[in-house]
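We will go from stop to stop, and at each one you will hear what to select.

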Amino acid sequence: MAIEIKSDSEVAIMREAGRILADVLDIVMAAVQPGVRETDIDDLVRAEFTARDVVPTFLGYNGYPATVCISVNDKIVHGIPSRRAFRDGDVVSIDLGCTHRGFVADSARTVALGHVPQEVSELVAATKQALDVGIEQVAPGNRLGDVGAAIQQVAEVRGYGLVREYVGHGVGREMHEEPQVPNYGEPGRGIKLRKGMVLALEPMFNLGTWRTTRDPDDWTVRTADGSLSAHFEHTVAVGEYGPILLTTNKPTEVDDRELTLSALD
């Protein structure tokens, strides 16, 4: 298994890509409202990416026909935007990737629209929490199993279905690089993390079973029992002292020593 180690300057470019992606995701998530069509969001992403001179990574990837994946309710990932309008009560996952100066940033968020049952709000919040605790484990000397185990614990404590058939991944010049990053694992097991690795972590939790089905379009993945699903994702670099969150436009709590990566700023 060949894992590409990024230089400080390459991580800096990926941070630029991540900041751009975070800006666009902020705009997109604000636009996801009842009455707005999924295809309107695809059009919005195209316009925002064009304005920022970045390439929509998803468009044309293995034949994928859109710039964004939009997965609503029982759809987990890879939903193709349709003419359907969002409705009050929908659980909407937006997955987005852009390529900037030859490097990819990949991120996803989920939002529940309007008034939803408490169990739905808790599902969304817990999936985001799982991403956060997974990111905390992205440190040199830790192992992939530490990342997966942290995410898995959040799901199992709450009794959620933890999607196993779709996982996170390395990211860099390609959207999908080695290694695969499962959302489950055993602490202390798996590949040892090294400075310069860049990973996309993306927990997917379901209110029901962890099992999945795929639509005839060969893209859209759903929960096998029709239960609701949530999905969050960030692109994260292994820094010298801990995780460097790349797909954000907000200040992070990276240890000041990490500023030795001077190219990042």
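In which strand does Pro179 lie? Select residues 177–181 and you have the answer: this is strand 8, and Pro179 is in it. Before we go further, please note that this is a predicted model.

The peptide bond that joins Glu178 and Pro179 is cis, with omega at about 5°. Most peptide bonds are trans, and most residues other than glycine have a negative phi.

**Stop two: His78.** Select His78, in the loop between strand 3 (75–77) and strand 4 (91–100). His78 is not a glycine, yet its phi is positive, about 65°. Is this residue buried, exposed or something in between? With a relative accessible area of 26%, His78 is partly exposed.

**Stop three: Arg101.** Arg101 is another non-glycine residue with a positive phi, here about 55°. Its relative accessibility is 53%, so Arg101 counts as exposed.

**Stop four: aromatic pairs.** How many aromatic pairs does a search of the whole structure find? The search finds two. For one of them, select Tyr64 and Trp219: the ring centres are 5.1 Å apart and the planes meet at 80°, which is over 60 degrees, so this pair is edge-to-face. Tyr64 sits in the loop between strand 1 (55–56) and strand 2 (68–72), while Trp219 sits in the loop between strand 11 (212–214) and strand 12 (221–223). Tyr64 is buried, with a relative accessible area of 3%.

Next, select Tyr160 and Phe205, an aromatic pair that is tilted, with 6.1 Å from centre to centre and 35° between the planes. Tyr160 is in the loop between helix 4 (144–158) and strand 6 (161–162), and Phe205 is in strand 10 (residues 204–206), so the pair ties together parts 45 residues apart in sequence. Tyr160 counts as buried at 13% relative accessibility, and Phe205 counts as buried at 0%.

**Last stop: a charge over a ring.** Select Arg164 and Tyr184. What sits over the ring of Tyr184? Look for the charged end of Arg164, 4.5 Å from the centre of that ring.

Terms used
Residues numbered from 1 in each chain as written. Predicted model: local features only at pLDDT ≥ 70, side-chain atom pairs only at ≥ 80, totals over all residues. Heavy atoms only, no water. Helix = DSSP H or I, 4+ residues; strand = E, 2+ residues; numbered from the N terminus. Buried < 20%, exposed > 50% of the residue type's maximum accessible area, 1.4 Å probe, protein only. Phe/Tyr/Trp six-rings, centres within 6.5 Å; stacked < 30°, edge-to-face > 60°. Lys NZ or Arg CZ within 6 Å of the ring centre and 35° of its normal.
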